[in-house]
Amino acid sequence: MEISAKQKEFIRFCVVGGLATGIHYGIYLLLNKVMNTTIAFSVGYIISFFANFVLSNYFTFKTKPSTKKGLGFAGSHLINYVLQVGFLNLFLYAGIPENIAPLPVYAITIPINFILVRTVLKSKRL
């Protein structure tokens, strides 16, 4: 069974997302010892966001970053965040425990975020 180009992109997308998450939490854990938790979390998120953007362009989708693509990438992540919060609250309301509720949220939103990010970064109009 041959893996298609889109499937390879999706696999690379998941690898880059996992790496970005690792960067985020690593920075958070380091900074949380010396500063406010919310600030440490935000700094980690911002740094991982830029790493994710660069890696998504060069490694995942084989494109070059640009300011317009960066704005589109930020917008796609904002949409993804809103969806994640909505699904999380839906699952919590349905009685799924807090420590398990994020898992189906990720399962639902990872493919959606892939489509959003792929559309933004591979768009010929940007």
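This is a predicted model: local features need pLDDT of at least 70, side-chain atom pairs count only at pLDDT 80 or more; totals for chains, interfaces and linings use all residues.
Which residues in α1 meet which residues in α4?

1. **Contact of α1 with α4.** From α1, the residues K6, E9, F10, F13 and C14 take part; they meet I110, P111, N113, F114, V117, R118 and K122 in α4. Sorted by class, this contact comprises 7 nonpolar, 1 polar and 4 charged residues.

2. **Geometry of α1 and α4.** Helix α4 spans residues 102–122, and α1 packs with it at an angle of about 105 degrees, the axes being 11 Å apart. Because angles of 65 to 115 degrees count as roughly perpendicular, α1 is described as roughly perpendicular to α4.

3. **Geometry of α1 and α2.** Helix α1 covers residues 5–31 and helix α2 residues 37–60; their packing angle is about 155 degrees, and their axes lie 8 Å apart. The two helices are therefore roughly antiparallel to each other, the cut-off for that term being over 145 degrees. The crossing of α1 and α2 is right-handed. By class, their contact holds 17 nonpolar, 7 polar and 2 charged residues.

4. **Aromatic pairs overall.** Across the whole structure, a search returns 9 aromatic pairs. A pair of aromatic rings is described by two quantities, the distance of the centres and the angle of the planes. Two of these pairs are treated in the next points.

5. **The pair F10 and F13.** The ring centres of F10 and F13 are 6.5 Å apart and the planes stand at 20 degrees, so this pair is stacked. Since F10 and F13 are 3 residues apart in helix α1, about one helical turn separates them. F10 is partly exposed, its relative accessibility being 29%, whereas F13 has a relative accessible area of 10% and is therefore buried.

6. What is the arrangement of the rings of F49 and F50? The pair is edge-to-face, with 5.8 Å centre to centre and 80 degrees between the planes. Is F49 buried or exposed? Its relative accessibility is 15%, so F49 counts as buried. F50, at 51% relative accessibility, counts as exposed; the cut-off for that class is over 50%.

7. **An aromatic cluster.** Ring pairs connect F10, F13, F61 and F114 into a cluster.

Definitions and conventions: Residues are numbered from 1 along each chain as its sequence is written. Side-chain values use heavy atoms; hydrogens and water are left out. Axes are lines fitted to C-alpha atoms, for helices over the stretch in contact, and angles run from 0 to 180 degrees between N-to-C directions. Helices (H or I, at least four residues) and strands (E, at least two) are DSSP runs, numbered from the N terminus. Angles under 35 degrees count as roughly parallel, over 145 as roughly antiparallel, 65 to 115 as roughly perpendicular and the rest as oblique. A crossing is left-handed if the near helix is turned anticlockwise from the far one by less than a right angle, and right-handed if clockwise. Ala, Val, Leu, Ile, Met, Phe, Trp, Tyr, Cys and Pro count as nonpolar, Asp, Glu, Lys and Arg as charged, and the others, Gly among them, as polar. Contact means heavy atoms within 4.5 Å. Rings of Phe, Tyr and Trp (its six-membered ring) pair if their centres lie within 6.5 Å; planes under 30 degrees apart count as stacked, over 60 as edge-to-face and the rest as tilted. Buried means under 20% relative accessible area, exposed over 50%, partly exposed in between (1.4 Å probe, protein chains only).
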